[in-house]
Amino acid sequence: MTDDPVGGRVLVVSPSEPGDRSDDGSFVRGGDAPGTDAGGAGSADGGGSPDRGSDPDTVAAGIADRLPVEVVLRDERTAGEYLEELGPTIDCVVVLGSNTGPLGCLPDDVSIPAVVCERPVAGAGGAEGATGIPVAAVAARVRAVVRETRWRSDLQDQNTRLTALSRYAGDITGCETVDAVLDRTVAAVTDALAFDHCVVLFPDGDRLVPRASALPDPELRHIGVTEGVAGRTLSTGEAEIVADVQSDPDAVINHDDLHALLSVPIGSRGVLQIASRARNAFDERDEEFTEILAGYTREALARLEREVTLRAERDRLHALYAAIPVPVVCVERHEKETTVVEANSAYEEVFPGNPTGQSLSTAVPTEAERGRYEAALNGEGESQGSVIRRVGSREEPVALAVIPVTPPDGSHYAFGVYRTEPVDGGAGETG
């Protein structure tokens, strides 16, 4: 958004009859008219005696000369119909006179700031002896109320997008697969950020491959990992706004009707690109919001990667101790509860019952044995000694080694390895 209402539209409403023009009251006031937003307090008073009224053509021309806007001139009889049909395209209404009745024709969901000129507007030239407020004051007021309205609208849009993005944060980071993460990322672009076209590309060897998208036909083909704007973004690790991708020397063009492009890296894992049919469609704020979303995606993918690594470690450990011919259990401490997460087949053959899923206090019969596991989990290192266990029909001393393990996710695990051969030192448990 720029300070001046570039490309905007201002409607000037003139009285239908000269006798309808008012010659009293404050000359220019912003907003507070029925069906409008408050355009801001304050007035400008030109002083002197009123002339016989504002010349609508002069006022319209004076505003057009001073502001980069389209100025539409209508009288009171046709202004209402114009507002009813085209209200959402108008940035400000300038009412010449005190009759704000046409503003009541605005749809219920549309509000427009108004500058109501209850006293005449002086000629644009500001000739000596002219009465009323110079048209320059009206143009300045229009600029001010449009700036304020756009600032409020922009702030509201930011808050709306942030709120919508926050809803997607938990959704994305809670996904269980890479495809689900990328699909929810695309949904966040089209829903929370309200953009129509986007694609997520991931490197695969020497190629960048589209993994999820909301693009018009034809489908986006893969490109070289160093090609196009996406390859440039992945290489630099920096977000980039391209005003018109059709004229970018590095672009690989797949859609002739897409122009503006916003390209944001997802760490080193890939690139999120948002496209528009219009040129110059993105600004720094769009870039900031997209980087927030890419951050959610990056964290979700990193979590899934850590979980894959952890599962691989667990699988290797499982294969290792499952093949051990002596009884082995794996216990995990989660918060303050310690649970048996797995037992190998040798454990079930030697000791009665399957302890998997049981708390340590239930699975382990004596306090001395539980103490060995807790000591290992508390960081006291490997614990070795003998414990009393029922083997077959009788209780006897069994050698126990408790080995603590801390996987990459920071969890607390320990493996208990039992040896049922005769233990020297008698039948009592050792500390």
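Aspartate 244 sits in the loop that runs between strand E10 (240-242) and strand E11 (261-266). The model is predicted. This briefing covers that aspartate, some backbone features in other loops, and the cavities inside the protein.

**Aspartate 244**

- The relative accessible area of aspartate 244 is 15%, so the residue counts as buried, the limit being under 20%.
- Its side chain makes a polar contact with the side chain of arginine 279, at 2.9 Å.
- Leaving out residues up to four places away in sequence, aspartate 244 touches His259, Ala260 and Arg279.

**Backbone features in loops**

- Most residues other than glycine have a negative phi, and most peptide bonds are trans.
- The peptide bond between aspartate 217 and proline 218 is cis, with omega at about 0°.
- Proline 218 belongs to the loop between strand E8 (207-214) and strand E9 (223-224).
- Alanine 194 is not a glycine, yet its phi is positive, at about 60°.
- This alanine 194 is placed in the loop between helix H4 (178-191) and strand E7 (197-204).
- With a relative accessible area of 57%, alanine 194 is exposed, because the limit for that class is over 50%.
- Asparagine 280, also a residue other than glycine, has a positive phi near 55°.
- The loop that holds asparagine 280 lies between strand E12 (270-275) and helix H6 (284-322).
- Asparagine 280 has a relative accessibility of 60% and so counts as exposed.

**Cavities**

- Rolling a probe the size of a water molecule over the atoms shows where empty space is left.
- The model has three cavities of 30 Å³ or more.
- The volume of the largest cavity is about 330 Å³.
- This largest cavity is lined by 24 residues, of which Leu220, Val252, Asn254, Leu261 and Gln273 are the closest to its centre.
- Strand E7, helix H5 (228-236) and strand E12 each give at least two residues to the lining of the largest cavity.
- E7 provides the largest share of that lining, with four residues.
- Sorted by class, the lining of the largest cavity consists of 17 nonpolar, six polar and one charged residues.

Conventions. Residues numbered from 1 in each chain as written. Predicted model: local features only at pLDDT ≥ 70, side-chain atom pairs only at ≥ 80, totals over all residues. Heavy atoms only, no water. Buried < 20%, exposed > 50% of the residue type's maximum accessible area, 1.4 Å probe, protein only. Polar contact = N/O pair within 3.5 Å; in protein donor to acceptor, adjacent residues only side chain to side chain. Contact = heavy atoms within 4.5 Å. 1 Å grid on protein atoms, 1.4 Å probe; cavity = no way out; pocket = protein on both sides within 12 Å on 5 of 7 lines; lining within 4 Å. Points joined across faces, edges and corners; volume = space filled by probe spheres on them. Nonpolar A, V, L, I, M, F, W, Y, C, P; charged D, E, K, R; others polar.
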